[in-house]
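Hi everyone, thanks for coming. Let's have the picture up, and then we'll walk through it together.

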Number of protein chains: 2
Amino acid sequence: MEKEKTIQRISFIGSGNVASHLAEALVRQGKQIEEVYSPSPEHAKTFAERWKCRVVNRLSDLQPQVDLCLISIPDDSIKSVADTIPEIKGIVAHTSGITSMDVLKKHKRHGVFYPLQTFTKDRRLALEKSPFCIESNNQSDKVLLMDLAGLITEKVFEINSEQRRYLHLTAVMVSNFSNHLYHLAHEVLESKGLDFELLLPLIFETANKVHDIHPHAAQTGPAKRKDQKTMSKHLEMLTDFPEYKKLYQLLSDQILDAHS
Amino acid sequence: MEKEKTIQRISFIGSGNVASHLAEALVRQGKQIEEVYSPSPEHAKTFAERWKCRVVNRLSDLQPQVDLCLISIPDDSIKSVADTIPEIKGIVAHTSGITSMDVLKKHKRHGVFYPLQTFTKDRRLALEKSPFCIESNNQSDKVLLMDLAGLITEKVFEINSEQRRYLHLTAVMVSNFSNHLYHLAHEVLESKGLDFELLLPLIFETANKVHDIHPHAAQTGPAKRKDQKTMSKHLEMLTDFPEYKKLYQLLSDQILDAHS
């Protein structure tokens, strides 16, 4: 029986948080990073030293003999970069949540390799439980990309562009927006000489309980209880933070609505 | 040397989520729940059967020979209940975040026993890492309450009423408001036939990373990157959810401000 084809040689366009985390995970699985191009040559150099690959200074110089070229750059630039790079032997895929696969259609074999996770600089991350959302314009490349993702994580999903952008939208809600709430709590506590660390067990339990309970059933607190007196007190306490007061009001109104 | 006095016999006013979780933790430490009073006699009965204690039908019938009477009822009712119950031998304490200790001042020995956590019905909870915020009008009872809390958790803090209400306010932000974001993500995904479970690893990592990184440094996403194009796309996707669109706009504006 012929040996199954797998993705082995990979080039990266982009050298930011997502690219770095993916490169690390792929190298750990024995994959070879061949080349990197980055709009920021300094970043490309650091990336290349770390993953022992060549730096390419012009997109047109990318070598075509790779199995996969991963485009991991700001969403706005993906289409123009994809249109600029030479035809390659393998698959051209981007790692974006919001960008349609179609922006890569200049390339005969194309797809999406989207890790649904928040990537923070210099923070080690266990990707093995993070969902990877895979898409391709053809069945065999979809299998190749899913197999590759399957080396990194136990959670590989076939997700089309329309579904993916809704995952991306809701990811912003549960991650960036929740993190902003952590940030403003930090600020309010700091103004009172209190340590944000006091809230960590609560933050942890809140994130944990929706693993077992529907978020609607998991809700607690003054708005859920329709406790207007406590909400009024809280609003008054936010007098020095008018923006946060507005946010408190809007979120409380929505929770009241959801439980009316 | 004389044996140190400790709190052993406890009565509860209230039989809701907080009361039930505390009773469970206290019984596990060998404490005796003597009596329970609840505005809802049905709830009181269930509580009494579970923790093998008597039900009291009128506040005036509460027996005075307990070491601690814990008032765990809606904030609005704490003062009137405290004013109604007879004088007791031990400490009268409430478990509220937002309520000042002073509402208990009719009682010679009084204090606060506030667990900073989100309590959900029928959900088992490990309290041993949850902060307990303790306050009392006298030093010796503060020690007694701190010792009692120390049996349940490794995190016992002396927190005054003014600090406590700010902890309560920020607890609402990081817990109830984050949970509301989970809820709306659930709703949006459901409307597209997608499974909320896909977001759980992201929710988990978002909550986890602020254990190590300041929330400001932990921020990621389109607003942090000033990626107006992605934000516009997201807003357009929320056309069917006008309230969530308003929330998306407000939160994104605040993140933009925080990173400008």
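Helices (H or I, at least four residues) and strands (E, at least two) are DSSP runs, numbered from the N terminus.

Some housekeeping. This is a predicted model: local features need pLDDT of at least 70, side-chain atom pairs count only at pLDDT 80 or more, and totals for chains, interfaces and linings use all residues. Residues are numbered from 1 along each chain as its sequence is written, while chains are lettered from A and ligands numbered from 1 in the order in which they are written.

Now the sheet. Chain A has an open sheet of 8 strands, in the order β3-β2-β1-β4-β5-β6-β7-β8, with mixed pairing; two strands pair if DSSP finds at least two bridges between them. At the edges sit β3 (54-55) and β8 (156-158) of chain A, each pairing on one side only. Further in, β4(A) and β5(A) pair in the parallel sense over 4 bridges, and Leu70(A) stands opposite Ala93(A).

Let's hop over to chain B and look at β7(B), residues 132-136. Is β7(B) mostly covered or mostly open? Mostly covered: 5 of its 5 residues are buried, meaning 20 or more other C-beta atoms, placed from the backbone, lie within 10 Å of a residue's own. Phe132(B), Ile134(B) and Ser136(B) point one way, and Cys133(B) and Glu135(B) the other. β6(B) runs antiparallel to β7(B), joined by 5 bridges, while β8(B) pairs with β7(B) in the parallel sense over 3 bridges. Between β7(B) and β8(B) the chain passes through helix α4 (residues 139-152) of chain B.

Finally, how do the two chains meet? The contact takes 77 residues from chain B and 77 residues from chain A, where contact means C-beta atoms, placed from the backbone, within 7 Å. The largest share of chain B's side, 24 residues, comes from α5(B). And 100% of the interface residues of chain B are also interface residues in chain A, so the copies meet through the same surface.

Key. Buried ≥ 20, exposed ≤ 12 C-beta atoms within 10 Å, placed from the backbone. Right-handed = clockwise from strand over helix to strand, strands pointing away. Contact = placed C-beta atoms within 7 Å.
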